[in-house]
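Hi,

Here is the structure I said I would pass on.

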Amino acid sequence: MQDAIFIAAPEGMSWPLGRHDVQHHLATRFPDVQTWHKYAPVSRADYIDFEITIDGEPRHGSYFDHRHLILRDGTPEFWADTIAWFPGLLPPGTPAVAMVESNEDIVPIPAAVSPHQITAVLDELLGEP
């Protein structure tokens, strides 16, 4: 089983990036993306769910308005390019953190992060060598 990967604004902060913005950026990056607007009553948050077919496999994710990106159905290495791309949508200097579903540790994502750095950070959270 693959862990969900979370990329988020640090606790107590939010991002100036709404779900409609993310939907637009996803459609530019992944022209075949399918998106659905939803509402989470427990957290009182608007979000989009999305599905992208990559390498013939459906990949899923969610973006919670001004809060966090969740990526599923892929390893850290698989999602590394997307995770490295995402902070570039935020204003320069906007902080971001990462975590994986099976580990409660939260780590900062460095500015101008490379896919290789992302993979290393997330593999460490997963306990991978």
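Below is what turned up, starting with the sheet and then moving to the aromatic rings.

Keep in mind that this is a predicted model. It has an open sheet of seven strands, paired antiparallel in the order β2-β3-β4-β5-β1-β6-β7. The edges are β2 (34-40) and β7 (103-108); each has a single partner strand, so one side of each has no neighbour in the sheet. On average, neighbouring strands are turned by 20° against each other, ignoring direction.

Inside the sheet, β1 (residues 5-8) and β6 (residues 97-100) run antiparallel and are joined by four bridges, with Ile-7 opposite Ala-98 in β6. Two helices lie across strands of the sheet: α2 (residues 76-85) covers β1, β3, β4 and β5, at about 20° to β1, while α3 (residues 115-126) lies across β1, β6 and β7, at about 40° to β6.

Now the rings. There are six aromatic pairs. One of them is Tyr-63 with Phe-86: the centres are 5.9 Å apart and the planes are at 50°, so this pair counts as tilted. It links distant parts of the chain, since Tyr-63 is in β4 and Phe-86 is in the loop between α2 and β6, 23 residues away. Both residues are buried. Ring pairs also link these two with Trp-15 and Trp-85 into a cluster.

Phe-78 and Trp-79 make an edge-to-face pair, 5.1 Å between centres and 85° between planes. Trp-79 is buried at 0% relative accessibility, whereas Phe-78, at 23%, is partly exposed. The charged end of Arg-59 sits over the Phe-78 ring, 4.0 Å from its centre.

Cheers

Notes
Residues numbered from 1 in each chain as written. Predicted model: local features only at pLDDT ≥ 70, side-chain atom pairs only at ≥ 80, totals over all residues. Heavy atoms only, no water. Pairing = 2+ DSSP bridges. Axes fitted to C-alpha atoms, helices over the stretch in contact; angles between N-to-C directions. Contact = heavy atoms within 4.5 Å. Phe/Tyr/Trp six-rings, centres within 6.5 Å; stacked < 30°, edge-to-face > 60°. Buried < 20%, exposed > 50% of the residue type's maximum accessible area, 1.4 Å probe, protein only. Lys NZ or Arg CZ within 6 Å of the ring centre and 35° of its normal.
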